[in-house]
Structure formats: structure tokens, C-alpha cells
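Q: I would like a close look at one part of this protein, followed by a walk through its surroundings. Could you take your time and keep it connected?

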Amino acid sequence: MGKFGSAIVAIIGGGFSGAAVALHLARGLTEGKDVRIVVFEPRERLGAGLAYDTTEPAHRINVPAYRMSLYPDDPESFANYIARSGTRADDPAAYTAEGIPFPRRSVFGDYVAAEIAPLLSSGAIEHRRKRVTDVKRTGEGWMILAEDVEAVVADVVVLAVSHPAPSLPKALRPLLAHPKLVADPTKANALDIVAPTDRILVVGNGLTSADVIAALDERGHHGPVISISRRGLRSRGHPKVAEDPFGDFVSEPIPRASELFRHIRRTLRLAGEQGLTWHPVIDAVRAQGQEIWQALPIVERRRIARLARAHWDVHRFRIAPQVEGVLNRAVECGRLEILAASVLSAAIEGEGTAIELKARGGDAPRRVAVDAVVVTTGPAHTQILRSQPFLAALEEAGVLTACETGLGIACDLHSRAVGAGGNVERSLFIAGPLARGTFGELMGLPQVTEHAVFVAEQIATLLSVKLKGGKNSRYGARGEAAERPFASLLRG
């Protein structure tokens, strides 16, 4: 525990969310020497995380660079970094014909690392490249144990952990011993086992599927690919011409999922009548997503997560034009087949596999023979509290509970963890996408950046009492701004 007049903040997870919270907290404290910020992250650098640590050249950011930034008040920070760093020379394909940059995802990781580097050099932020093994209450603080290092006793803990690994569909378990089953394509070099002529089944049609197909194309793969999902929905691309968000979904709160869906459909028709595409309507829903979510009771949030998530994801999480081009060409030449289907059974046959597919709305199963199977069904969100031993221990201790929406970890509107019996843990925060069950739209920038700033403000509120009557922070003498829940901050 930090002595009186000092404090320790421990951030578990140093991907984008954890790094952004650390950066904004360090920048917001005018007496940084009174606060020790320790980030536990096994990776070599902070800020990359699972999304931006990839070395695959085909993996690109899926929104224009000018919409990604560490700073809500400087939305073109990353775009300016690209202009300075010589990305165009190193990667001419990063720019569309209209001059819009969609660089490789690793470049965004470089940007975050560059922004946080001065704070690491000065000691304002400490990076411990260790995996956390246990977190326990001790007095008014938290004891954090990590691999082969001295325990840290912190006043405040921020959980900014990664999504849980994908869960292998039950029907594919007979393939566990097959050398060309790629159960988690996000792992480094996971696709190295795929030969150029292999026949491939991709299970899942979202962003990860698009990444896999683009990465295989980059590696020279030219065998046939079947990509399946229950609805056969494919990730969409960006409009050729940028359009301003269109639609108002918050002036009159919408308390039911069915009413929200009807309102979105009406707005889509109005947009079409005005010559607009669907893109600006979805952009409006996304921009207003946090307030839309707050107006919905839990039962309606669960209904949306169950019924509309697949449709939302393919429209909300768009693919870069370069990746869209790869998929379009593969479909046009007949090399890529996208199906609405599920796996009925799977068996190893010789060096390959035999798969039975059940088409959506179809009768007879379709039998296909493939050489490799790649699972891209996405994180097993409902297993988050079982994904790491220290999270499971905190759940068993009643400190953490799963969000009722099934989308992450339960927290209140101040992003503080909610434990068993609804008890709020005032010094334990949930940062990043795992808080989206409470906050709604919280999977991409700029929303994740705004949430990181918000969590930093909440921490400053707590520290202000301990650190000389609250005069340590630019957030206010007693952190008044941080006393407001996130939704009200978004409304100004």
C-alpha cells in the first residue's frame, strides 16, 4: 500500500485499453511522483495487445486512420503519426485510391508505443513484463502476485485483460488431434501449417475470418476455401464517399429492443430516400450507442445480444478496402464460397478431414473434404472469468461477477466492478471492451479511448482524497468531473 500522500495503481493488461488508461492517468496527474502506476503486461511493449501485436502484413486497421487516436481532443493524432513515420514509402498499399490510410495494424501498435515511451522513460509508468497469477484483498488495498517478481500492494486495480480465447465448437472436437486444425488463428504463426493448395474450411464469417483469408492470400494460398456461419453474413466494407452520421436514437429513449429495431429500419429507409447508404445510419447508432444501451433494461440488452449481434457486427466492424478487395476477388473467381451453414460432424480421414455441413434452411447435409480447418468464431465471452486463474479466484471470492448480458464483466456506471450480491468494489475498475455489457458500444475507437479517459478520471477521484486533499489532479480538486457516470460525460 502506498504510504499517506502516495498511492499505487496497478493495471492488469497492457493492450490498448490498459496502456491508454495508464497514459491518461499519468498525463492527468500534476504531481506524478505521488502516484506509482504499474502495468502488468507480458508482451514486450505496451499498447499493442492482441489486436495490434500481429506481424501479418495483410492485417490492417478496419477504420480510416483519422478516426483512431489516443486522444479524444486530437482525433487525427494517429493519422499525423503515419504522415511523419514514412508509412507510405514502407507500405504503398496502405492508402486507398482516394488517399485514405488503412495501414497495417502493427503500425497502430507502434504509434501507441511511441506515445507512451516518454512516460516509461521518466518512470511515470512502470511496465512489468509478467503475467499476474493472483489478486487478493489486503486491508483497504489489493495484493497482486505475478510470475517471479515481488508482490505489489496497490490502492487501485484496473482490469484491462484481453478477451478469452475462442472456444472450439463441439462438433469439431473429433479433430483435436489433427495437425491442421487451427483452433485459435490469433496466435503468432498459426497459419504456417497451411499449404498453398490446401482445401480449407473457415468456421466463422466475421473480421477474424476476413483476416485469415487475406493473410492466406498474402502467403500465396490458392486452394479452395469454404467459409461458414449460421447466417452466412459477411463483414461489410466502407462507403466510397464518407457520409455524416444519419439518425437520432436518443432524443426519445427507446426502452425495447423491438422498438429500436423498427426505428433503425425506418431510418434506413429515410436514408435511402435521401440517396444515402446504410453506413451513416449504423455510424449514428454506434456514436449514440452508449446512451441507447443505457435506456434499455437488462432483459432487452440480452435480447439484442442474442438476436441482433451477428447483424450488428458485420455492419459495425467493417473491413479495410484492401481486405475487401481480396475477398471480392476470391468470390468472383470461385475460390471462396460463403455459406449459411453449421458443422454437423467432423472426422479425421487419412491426412485430411471429412466434414458434414447443415445448410441454413436446407434438408440434406453436405459432405466436404478439406485439408485444414480454421476456427474464427471469436472470443468465448461467457468464459471470461474462467480464462485466467486470478479472475476465477476473484469470482470465487465474490469480488467479480459475469455481466448479465454475457458480454463481459459486471460493472457499474463508474466502471467499478460489481461483485456478488451487487456489492460495488470502489477501487477495482473494469476498462475496455469487457465493460461493454454496462456501457454498450465499447469495442472500437474512439469509444475505447473515451472510456480509458473516463476510467483515469474515476481513479483520480479516489486518489484525490488520499493525495493531499485532491490537489494532485487536473480533473478537479476532488475529481468532480469523475463523479459523473460515463453516459453523462458523453452528453457534456
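Where does Pro446 lie?

A: Happy to. Bear in mind throughout that this is a predicted model. Pro446 sits in a loop, with helix H14 (436-439) on one side and helix H15 (447-466) on the other. The peptide bond that joins Leu445 to Pro446 is cis, with omega at about 10°.

In the loop between strand E8 (181-182) and E9, Asn189 has a positive phi of about 65°, although Asn189 is not a glycine. With a relative accessibility of 52%, Asn189 counts as exposed. Ser415, in the loop between helix H13 (389-396) and E15, is not a glycine either, and its phi is positive at about 70°. Ser415 has a relative accessibility of 0%, so it counts as buried.

Strand E1 (residues 7-12) runs parallel to strand E7 (residues 156-159), and four bridges pair them. E1 also pairs with E2 in the parallel sense, over six bridges. Ala10 shows both pairings: its bridge partner in E7 is Val157, and its bridge partner in E2 is Val38. Strand E2 (residues 35-40) has five of its six residues buried, so the rest of the structure largely encloses this strand. E2 is in turn joined to E3 by four bridges, and these two strands run parallel. Opposite Phe40 stands Arg128 in E3.

Val203 touches Leu172, Ile228, Val343, Val373, Val374, Val375, Thr376 and Thr377, leaving aside residues up to four places away in sequence. Val203 and Ser342 are 139 residues apart in sequence, yet 8.2 Å apart in space, C-alpha to C-alpha.

Now for the helices. The buried residues of H12 are Gln322, Val323, Gly325, Val326, Leu327 and Ala330. Helix H6 (207-218) and strand E11 (336-349) are among the elements that cover them. After H12 comes Gly334, with a positive phi near 85°.

A last stop is a helix pair. Helix H8 (residues 279-287) packs against helix H11 (residues 309-316) at an angle of about 110°, and their axes are 10 Å apart. H8 is therefore roughly perpendicular to H11. Ile282, Val285 and Arg286 of H8 make the contact with Trp312, His315 and Arg316 of H11. By type, the residues of this contact are three nonpolar, one polar and two charged.

Note on methods
Residues numbered from 1 in each chain as written. Predicted model: local features only at pLDDT ≥ 70, side-chain atom pairs only at ≥ 80, totals over all residues. Heavy atoms only, no water. Contact = heavy atoms within 4.5 Å. Pairing = 2+ DSSP bridges. Buried < 20%, exposed > 50% of the residue type's maximum accessible area, 1.4 Å probe, protein only. Axes fitted to C-alpha atoms, helices over the stretch in contact; angles between N-to-C directions. Parallel < 35°, antiparallel > 145°, perpendicular 65-115°, else oblique. Nonpolar A, V, L, I, M, F, W, Y, C, P; charged D, E, K, R; others polar.
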